[in-house]
Number of protein chains: 2
Amino acid sequence: MRRRSESGPVARQRRFAVVMAGGVGSRYWPWSRESRPKQMLALAAQRSMVAETVARLRGVVAPQNILVVTNRRLVSAIAAELPELPRGSILGEPAGRNTAPCIGWATLEVMHRCPDAVVAVLPADHVIGPRREFCRDLLAGFEVADRSRLLVTFGIRPTAPATGYGYLRAGRVLAGHCAARHVGAFVEKPSLALAKRYIDSGRYFWNSGMFAWRADVLWRELGEHLPGLARSLKAMERTRKPEGRGRIARSDLDRVYPRLESISIDYGVLERSRNVAMLPAGFSWSDIGSWEATAELWPLDSAGNASRDPLLAVDSKRNVVATGGKRVALLGVNDLVIVDAGDVLLVCPRGRCQEVRSIVGRLAERGWKGLQ
Amino acid sequence: MRRRSESGPVARQRRFAVVMAGGVGSRYWPWSRESRPKQMLALAAQRSMVAETVARLRGVVAPQNILVVTNRRLVSAIAAELPELPRGSILGEPAGRNTAPCIGWATLEVMHRCPDAVVAVLPADHVIGPRREFCRDLLAGFEVADRSRLLVTFGIRPTAPATGYGYLRAGRVLAGHCAARHVGAFVEKPSLALAKRYIDSGRYFWNSGMFAWRADVLWRELGEHLPGLARSLKAMERTRKPEGRGRIARSDLDRVYPRLESISIDYGVLERSRNVAMLPAGFSWSDIGSWEATAELWPLDSAGNASRDPLLAVDSKRNVVATGGKRVALLGVNDLVIVDAGDVLLVCPRGRCQEVRSIVGRLAERGWKGLQ
């Protein structure tokens, strides 16, 4: 039943996607809660970000070939967001262990269904557009990954010297593989000066955290660079029914998963591997890491106030307002973030959005229950 | 049936109060609305300000001797706030014409009930305390007004060089009348420099807008200084039933009232009369003219944030927060006023509270209905 095509597009049956939806997203508090993290919010569109992420795959990856990994408490809520997916395709982690265990487990599930699958790995909380560009790049990623047998990362041409993203240095061209390049180096979040030099050089791309690879290639690389993790994951397999869509026993998951090494796929595999390629993306991308970033997504008034809510702004500039539809009157205030979550209100300067998570840490000591 | 006592306290039956509750209070938007102006809000206590004002009179003025003047649209709402008052004691103006017509009409009503009444005139939206001091001063005001046959104003010893209040310059002592003084001059809202000089001199008091006088004295002064107004008011009387608590016909009210001269009692009578005395008040007083003033009323946290609502303030100082009980998290913001009215949210700097009324003026052009 193997339908490998050594050249040309990857057959539809072999295309899989793993959507990583395990984030807690405390920087979007008070909209985001433990029970309703960022990927559940409709920050960029009318639908939740995870629903957008899955909808974006339409026509490229069949619904039955999409797996979503999230934490176990969110499985029902995520399933409700994704009625087109079989319930068995929502994998619930008993504990969050960063991306390497998550991707490792999902890869096992994919290989169980299709041993020669090619897999796209996609975070559930990124903003991407336009969809046509994304689909074209995704198909190219599948093809490059299948033919090159490399780990393919999607690189984003930087639009600003961002210091909150990791960067990829593009290496030599991967001959015959679309616009793909080898990866010269992974770089952690740089200083502003360094980020500016990266941009000026034209050789650096943002690391989007989106990948494409053959499942067997990823599994081999995981075994090479994180052998303990690969062994532990494989051990979970022992109770899987040999045929059909049998699932790993929950007891095995509970026994093994919480003790897996907590490590990212970037640090654990990609940065250690010599078999990494980068495909420059033609789509726009943002991980919208804080409330301030939503200013790029939402309508701006003539004074630069960003909001999807009815706003009356008098002598007020560059504010970001999120109230879920409630009216807001601003008089003489600038550069604020104002978020109404119904049961709690947040006001902070745009420049301090990153610290919102520190508020979440103080809720318990303040005795505010039910707002985490 | 006249029970005039030329010396000593005024008999209880002769003591009346007129509570002026006609204000629109747009500076307390968005809590205040046309249908729920400042005097209807519970800004300083659990009860509305008008209910507080009436409750403050307990033991000094009998409920059946209290009249409340408001605009006609608010009569039912005000009556609901004041169940102890006979419904006929809530006078509804067909149009707001400032304080002189309001007081003139109420004085006619009082004289109809008790020709030798002594009347306290009290705005419904001031914060006053403690009640014991207030009652003592009010009784003294009745007594001075009755014996001296002067128009008695209550003067407040200034606690700061406020530029938002009018001032009274104290003249010579009114011999034999408690601590009462003649009034040397009325002064409109002064500059800051002038206000400081007033305070340093020790001779200036804030004009509280609270008064006591014999009804017949006020009526005589009104006839002298605003004869047209007095004539028009008297003309409304023609349909009043001669006996009992007959009321002026609504048709007469509608015909006469909207065309009355719109003028304040201060400007129209007190500043023109030579028969004015001032009684220095022993109670504390504020007209809480804007959201910022509530900072003086509400609990302060250690960083000077004023609120009655649950507040989590991180690195945030001197904010004024009013949400009606909703939780608020502040991070790195100072000197803001944040008001949640449920259907609309307001954020402005403390220093620009006075401009909130300009927002109200823009609601219609913004197409926001139901928020005026």
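Chain A is divided into domain 1 (12–286) and domain 2 (291–362), with bounds that come from an automatic or database domain assignment. The structure is a predicted model, in which local features need pLDDT of at least 70 and side-chain atom pairs count only at pLDDT 80 or more, whereas totals for chains, interfaces and linings use all residues. Residues are numbered from 1 along each chain as its sequence is written, while chains are lettered from A and ligands numbered from 1 in the order in which they are written.

The centres of domain 1 and domain 2 of chain A, taken over C-alpha atoms, are separated by 31 Å. Contact between these domains of chain A involves 10 residues of domain 1 and 16 residues of domain 2, two residues being in contact if their C-beta atoms, placed from the backbone, lie within 7 Å. The side of domain 1 of chain A that touches domain 2 of chain A comprises seven nonpolar, two polar and one charged residues. In this classification Ala, Val, Leu, Ile, Met, Phe, Trp, Tyr, Cys and Pro count as nonpolar, Asp, Glu, Lys and Arg as charged, and the others, Gly among them, as polar.

A nonpolar core is a set of buried Ala, Val, Leu, Ile, Met, Phe, Trp, Tyr and Cys residues joined through C-beta atoms within 7 Å; buried residues have 20 or more other C-beta atoms within 10 Å of their own, with C-beta atoms placed from the backbone. The largest nonpolar core has 92 residues, and Val18(B), Val19(B), Val119(B) and Val152(B) have the most contacts inside it. Strand β9 (residues 204–214) of chain B supplies the largest share of this core, seven residues. Beyond its neighbours within four places in sequence, Val119(B) contacts residues including Phe16(B), Val18(B), Val110(B), Trp213(B) and Leu218(B). A second, separate core of 90 residues includes Ala117(A), Val118(A), Val152(A) and Ala180(A).

Strands (E, at least two residues) are DSSP runs numbered from the N terminus, and two strands pair if DSSP finds at least two bridges between them.

In chain B, strands β7 (residues 167–173) and β8 (residues 181–187) pair in the antiparallel sense over five bridges, with Val187(B) as the bridge partner of Tyr167(B). Strand β8(B) also pairs in the antiparallel sense with β10 (residues 276–280) of chain B, over two bridges; here His182(B) stands opposite Ala277(B).

How values were computed: Buried ≥ 20, exposed ≤ 12 C-beta atoms within 10 Å, placed from the backbone. Helix = DSSP H or I, 4+ residues; strand = E, 2+ residues; numbered from the N terminus.
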